[in-house]
Amino acid sequence: MHSIQDRVPVSIVIANYNYAHFLRRSIDSALEQDYDEAEVIVVDDASTDATADVIASYGSRIKTCQREVNGGHGAAFNTGFASSHGEIVLFLDADDYLYPNAVSEVVEAWEDRTAQVQFRLHIVDEQMRVKDVFPPVELPFDSGDVTPELLRKGRYQTTVTSGLAFKRSVLDKVMPVPESEFRQGADGYLATVAPLHGEVTSIEDCLGAYRIHGANHSVFAEKLGQRARWRIKHDFRRLEALSDQASEIGLNMRDDAGLHDPVHLEERLASLCIDRDQHPVANDSRLSLAAAGAAASLKMNASRKRRLMLAGWFLSVGVLPRDMAKTILSWKLVASSRPPFLLRLSKTIRHAMG
């Protein structure tokens with residue numbers, strides 16, 4: 001038996017800033033859910049484009065929250081949550097969209113101890129053509145009680161904003177999102193601290209679309225050094241929030257959690273290799289980060305082949321001459337930079353590691 005019954009109220013909160021050209025698809029997807037008890041809330045974070053016209057065209061079919069001053073991702077989440085009533089809350093980025101069965105599948109999957117449901121998304125381009133799956137199908141979701149993984153390395157295998165749903169009573173404990181710290185990446189904050197208060201339930205099906213385009217904050221248009229520095233600092237803010245909230249419920253996180261997280265270590269290596277002068281961690285060395293990354297890779301929840309390949313990648317970036325290391329970094333982090341033979345090889349390896 002699920003503790004949340006079929007007719008539980010659900011809120012879909014759409015966070016928008018200057019995405020008028022994507023917003024209608026996002027709103028339509030929320031309104032077209034095959035689940036009746038879903039309210040749709042659109043937060044406009046002081047947009048300067050045609051967002052107001054798009055929102056006005058829906059009339060009373062949606063609830064609108066108009067922010068007078070742009071506050072960023074966290075502020076939009078806080079505003080939308082404060083206006084919501086659902087026992088389950090989904091935050092949907094305005095450039096993404098849900099499939100019609102998303103909410104009903106989330107409700108069906110909900111269990112007694114669920115704090116968060118996560119599901120895969122199709123990666124689509126600006127024309128909504130499917131390009132891939134996120135997270136990749138060969139990376140298993142972490143499910144159940146993920147608190148031990150969080151306390152050990154500050155991360156578990158989860159997804160982005162539009163692939164997450166949260167229990168309201170859990171959000172009451174962890175919100176508001178700290179707005180200055182999470183002006184971008186508020187989903188990272190929620191997905192890090194919510195599982196301290198329950199379990200994670202995973203759905204393997206793709207229930208929506210994650211749109212990749214030039215304006216995505218997380219893409220950074222191939223500016224690898226800038227992207228890596230932002231992600232490192234975002235991780236430090238996540239880890240600080242996790243440590244604070246864990247201590248409030250009597251749990252202790254290891255001080256060096258980031259050094260056990262391959263994703264974090266990859267960004268540290270990228271930042272150090274690409275732009276040492278602006279690297280935010282003074283005492284890092286390529287060799288020490290590579291050794292830590294290789295060791296952390298071998299403990300991942302992934303196939304043995306994938307763990308070994310990633311460990312080898314870390315070591316190669318750590319020991320090769322800097323120019324070669326930068327090339328290998330680029331090949332891994334930006335698919336468009338890979339030569340044709342490597343694209344073919346990576347597809348073969350990916351299928352073998354699935």
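Predicted model: local features only at pLDDT ≥ 70, side-chain atom pairs only at ≥ 80, totals over all residues.
**Strands around β9**

Start with strand β9, which spans residues 199-211. Strand β5 covers residues 97-98. β5 and β9 run antiparallel and are joined by two bridges. Here L98 has G208 as its bridge partner in β9.

Strand β6, residues 114-124, also pairs with β9. This pairing is parallel and counts nine bridges. In it, Q118 stands opposite S202 of β9.

**A helix contact**

Helix α11 takes in residues 304-319, and helix α12 takes in residues 322-333. Their axes come within 9 Å. They cross at roughly 145 degrees. On the α11 side, the contact involves L310, W313, S316 and V317. These meet A325, I328, L329 and K332 of α12. By class, the contact residues are six nonpolar, one polar and one charged.

**Cysteines**

A disulfide is a covalent bond between the sulfur atoms of two cysteines. The search of the whole structure finds zero of them. C206 is buried, at 19% relative accessibility, because the cut-off for buried is under 20%. C273 is buried too, with a relative accessible area of 2%.

**Salt bridges**

Side chains of opposite charge can pair when their charged atoms come close. The count in this model comes to 17 salt bridges.

| Pair | N to O distance |
|---|---|
| R67 and D45 | 2.9 Å |
| R113 and E199 | 3.4 Å |
| R238 and D235 | 3.0 Å |

Take R67 and D45, which meet in a salt bridge. R67 lies in strand β3 (residues 63-67) and D45 in strand β2 (residues 38-45), so the pair ties together parts 22 residues apart in sequence. Both R67 and D45 are buried.

Next come R113 and E199, also joined by a salt bridge. This pair links distant parts of the chain, 86 residues apart. R113 sits in the loop between α4 (102-109) and β6, while E199 belongs to strand β9. R113 is exposed, with a relative accessible area of 53%. E199 is partly exposed, at 27%.

The pair of R238 and D235 stays within helix α8, residues 224-248. R238 and D235 are three residues apart, so about one helical turn separates them. Both R238 and D235 are buried.

Key
Residues numbered from 1 in each chain as written. Heavy atoms only, no water. Axes fitted to C-alpha atoms, helices over the stretch in contact; angles between N-to-C directions. Helix = DSSP H or I, 4+ residues; strand = E, 2+ residues; numbered from the N terminus. Contact = heavy atoms within 4.5 Å. Nonpolar A, V, L, I, M, F, W, Y, C, P; charged D, E, K, R; others polar. Pairing = 2+ DSSP bridges. Disulfide = S-S within 2.5 Å. Buried < 20%, exposed > 50% of the residue type's maximum accessible area, 1.4 Å probe, protein only. Salt bridge = Lys/Arg side-chain N within 4 Å of Asp/Glu carboxyl O.
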